[in-house]
Amino acid sequence: MPRPEFQKNWAALGAGWLLLLLVAPLCLRAEGQAGNFDGERAFADLKHLVDYGPRPSGSAALGEERQWIEGQLKQTGAQVEEDAFTASTPAGEIPMANIIAKFPGTQSHIVMVAGHYDTKRFSNFRFVGANDGGSSAALLLELARELKGRKHDLTYWLVFFDGEEAVRTEWEGDDNTYGSRHMVEKLSSNGELGRIAAMILVDMIGDSHLVVRRNAESTGWLVDTVFNAAHRLGYSRYFPDERWGTVDDHIPFVNAGVSSVDIICFDPNDGYWHTAKDTLSHCSAESLTIVGNVVLATLADLEKSPHIH
Ligand SMILES: [Zn+2]
């Protein structure tokens, strides 16, 4: 008897519709905010970065890239800082610089989204690092534009790390993560490290065959936050529930007790990692869109996360 049931519950139904009318625009807006990342524009940035050629730490090309990135960031209205330092490496002292774009919120808690913008140095072939070094920087640049004018309570820092790559051979000892280690040391000494509520690292996420696994070295609740957002957005096939271990720029933060997650598409057997084949042809705007949307949705979720407040 649907009619009596309806009549009996008309008030509740009416209240329900009212609630729906009130909530629907909020949901639509939230979904729109989480799904608007412009991967095409990020891909255009990626192309621009690759055009600088090889960009190892201390090179003139990386200096030019840095100037361009900072110019782009300033156009978003962010507070842009360059933190220059000298790194002691197996190849001697190398000047490096992290770039930090700050978007102050009403709260002092900081969510950092970071990636590296240097490319690994190779003397025997030309390495332009489209995915490895380029894609993370391109995603952060577009993220800065997306954050412009967006209402948020948490404070956001977008950080471009220099010196992620090992100078000598492959990942050995301290010959890696120069920029992220420098930042942890600096924030420890000036007392700001405790303000970092979450650190989201992106690396090699431009890969056109995007597969991001649950990073084993990352913080559990933050991995869950990222994967819940990815699955909610319909990206389960790109974010499978599989564990994978990778050390990266988040490790110094993990070791310092900062909740961190590495969003990385890493398969050393893909045939092009750290080779001359790491070019635009292996990257796609779609992958940048997917990861960009996941980061935006994660930021929205962190605004109401009990792990932060
Ligand atoms: Zn690399």
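I will go through the fold of this predicted model, beginning with the chain as a whole and then turning to the sheet and its helices. Because the model is predicted, local features need pLDDT of at least 70 and side-chain atom pairs count only at pLDDT 80 or more, while totals for chains, interfaces and linings use all residues. Residues are numbered from 1 along each chain as its sequence is written.

The chain has nine helices and eight strands, which are DSSP runs numbered from the N terminus (H or I of at least four residues for helices, E of at least two for strands). Of its 309 residues, 44% are buried, meaning that 20 or more other C-beta atoms, placed from the backbone, lie within 10 Å of the residue's own.

Six strands form an open sheet in the order 1-2-4-3-5-8, with mixed pairing, where two strands pair if DSSP finds at least two bridges between them. Strand 1 (79–89) and strand 8 (260–264) stand at the edges with a single partner strand each, so one side of each is left without a neighbour in the sheet. Strand 5 (residues 196–203) runs parallel to strand 8 and is joined to it by five bridges, and valine 202 stands opposite isoleucine 263 in strand 8.

Finally, helix 5 (residues 130–147): its 18 residues should span 26 Å at 1.5 Å a residue, and its end C-alpha atoms are 24 Å apart, which agrees; the expected span is 1.5 Å times one less than the number of residues. Since 16 of those 18 residues are buried, helix 5 is largely enclosed by the rest of the structure. Just after helix 5, glycine 149 takes a positive phi of about 80°.

Terms used. A residue is buried if 20 or more other C-beta atoms lie within 10 Å of its own, exposed if 12 or fewer, and partly exposed in between; C-beta atoms are placed from the backbone.
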